[in-house]
Amino acid sequence: MLLTIDVGNTQTTLGLFGGEEVVETWRISTDPRRTADELAVLLHGLMGSQGSSTAISDAKVEGLAICSSVPSVLHEFREVTRRYYGDVPAVIVEPGVKTGVHVLMDNPKEVGADRIVNALAANHLYGGPCIVVDFGTATTFDAINARGDYVGGAIAPGIEISVEALGNRGALLRKIELTRPRNVIGKNTVEGMQSGILYGFAGQVDGLVDRMARELSKDPDDVQVIATGGLAPLVLGEAGSIDVHEPWLTLIGLRLVYERNRPS
């Protein structure tokens with residue numbers, strides 16, 4: 001089995017593959033203070049848990065694929081692979097690793113590994129041109145052309161960041177639950193904030209996707225829009241521009257990168 005690990009700024013997503021099938025997934029908080037030993041204990045506990053649909057031993061892990069947006073955490077995961085999975089082939093997405101994605105940016109090294117992996121998976125699953133909207137700590141928009149090249153994107157504040165900012169900086173505002181309000185026109189402060197967040201972000205997604213699609217293709221209707229990320233379900237029903245929801249897009253991309261780079 002292949003263990004894939006996507007280290008985000010807020011959460012780390014882990015996925016276990018049996019062939020091309022996602023067998024099990026987990027989400028844990030990303031904590032830069034965790035040591036390699038603590039991460040190893042977490043991995044062993046999650047994979048061996050009888051509460052999961054598939055309890056497995058480390059002996060069944062035949063490969064690892066990792067990408068990270070947090071350098072300090074990536075360093076500790078390198079230690080995990082060295083100390084606890086030393087005999088297991090491991091691929092870490094970084095410069096020099098073959099992805100098959102041409103990055104058409106002013107400075108390709110600036111593009112996060114997760115965004116390249118998402119572009120690879122999106123083009124593999126749906127073809128280009130397409131746009132990936134990743135709802136994470138930031139909401140990122142990534143454009144892939146008909147040849148599968150990564151041509152650029154946009155970065156906006158994430159939903160949770162915006163909610164926290166409102167609660168921290170608004171004297172009469174508070175932190176709220178991220179859920180759909182009864183009406184667009186809120187009847188109280190909480191519903192008003194929920195409406196602003198939910199429908200405001202849905203409008204942002206539709207507006208940015210529309211502009212990007214017109215730049216990406218002569219026929220914007222040909223552009224597929226794929227949503228991913230932990231907060232995607234919140235806006236799926238409200239953003240009309242989203243064509244498909246692929247919650248494990250990054251993990252699928254990691255599997256594809258592993259297949260391109262694994263030792264013979």
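Reply: A polar contact here is a pair of N or O atoms within 3.5 Å; within protein, one must be able to donate a hydrogen and the other to accept it, and residues adjacent in sequence count only if both atoms are side-chain atoms. Before that gets used: this is a predicted model, where local features need pLDDT of at least 70, side-chain atom pairs count only at pLDDT 80 or more, and totals for chains, interfaces and linings use all residues. Residues are numbered from 1 along each chain as its sequence is written, and side-chain values use heavy atoms, with hydrogens and water left out.

Let's start with Arg-83. Its side chain makes a polar contact of 3.0 Å with the side chain of Asp-37. Arg-83 belongs to helix α2, residues 71–84 (helices, H or I of at least four residues, and strands, E of at least two, are DSSP runs numbered from the N terminus). Arg-83 counts as partly exposed because its relative accessible area is 45%, with buried meaning under 20%, exposed over 50% and partly exposed in between, for a 1.4 Å probe and protein chains only.

Five strands make an open sheet in the order β3-β2-β1-β4-β5, and the pairing is mixed (two strands pair if DSSP finds at least two bridges between them). Its edges are β3 and β5 (90–92), each of which pairs on one side only. On average, neighbouring strands of this sheet are turned by 15° against each other, direction ignored. Helix α2 packs on this sheet and touches β1, β4 (63–68) and β5, while its direction makes about 170° with that of β4. For these angles, axes are lines fitted to C-alpha atoms, for helices over the stretch in contact, and the angle runs from 0 to 180 degrees between N-to-C directions; touching, or contact, means heavy atoms within 4.5 Å.

A hairpin of three residues leads from β1 to β2, and Val-7 sits opposite Thr-12 in β2. Strand β2 then pairs with β3 (residues 21–29), again in the antiparallel sense, over eight bridges. As for cover, β2 (residues 11–18) is mostly hidden, with six of its eight residues buried. Helix α7 (residues 249–261) lies across β1, β2, β3, β4 and β5, and runs at about 125° to β1.

There's another sheet to look at. This open sheet of five strands has the order β8-β7-β6-β9-β10, with mixed pairing. At its edges, β8 (150–157) and β10 (244–245) each pair on one side only. Inside it, β6 and β9 (residues 224–228) run parallel and share five bridges, and Val-133 has Ala-227 as its bridge partner in β9. Helix α3 (residues 113–126) packs on this sheet, touching β6, β7 (138–144), β8, β9 and β10, with its direction at about 120° to that of β8. Helix α5 packs on the sheet as well, touching β6, β7, β8 and β9, and its direction makes about 20° with that of β7.

Two residues let you zoom in on this region. Ala-213 lies in α5 (residues 189–216), and it qualifies as buried because its relative accessible area is 6%. Leaving out residues up to four places away in sequence, Ala-213 touches Ile-131, Pro-220 and Val-223. From Ala-213 to Val-225 is 12 residues in sequence and 9.1 Å C-alpha to C-alpha. For Arg-83, the separation from Val-225 is 142 residues in sequence and 40 Å in space, again C-alpha to C-alpha.

The other residue is Asp-134, in strand β6 (residues 130–135). Asp-134 is also buried, because its relative accessible area comes to 12%. Setting aside neighbours within four places in sequence, Asp-134 is in contact with Asn-118, Thr-139, Thr-140, Thr-228, Gly-229 and Thr-250. With Asn-118, the link is a polar contact of 3.2 Å between the side chains.
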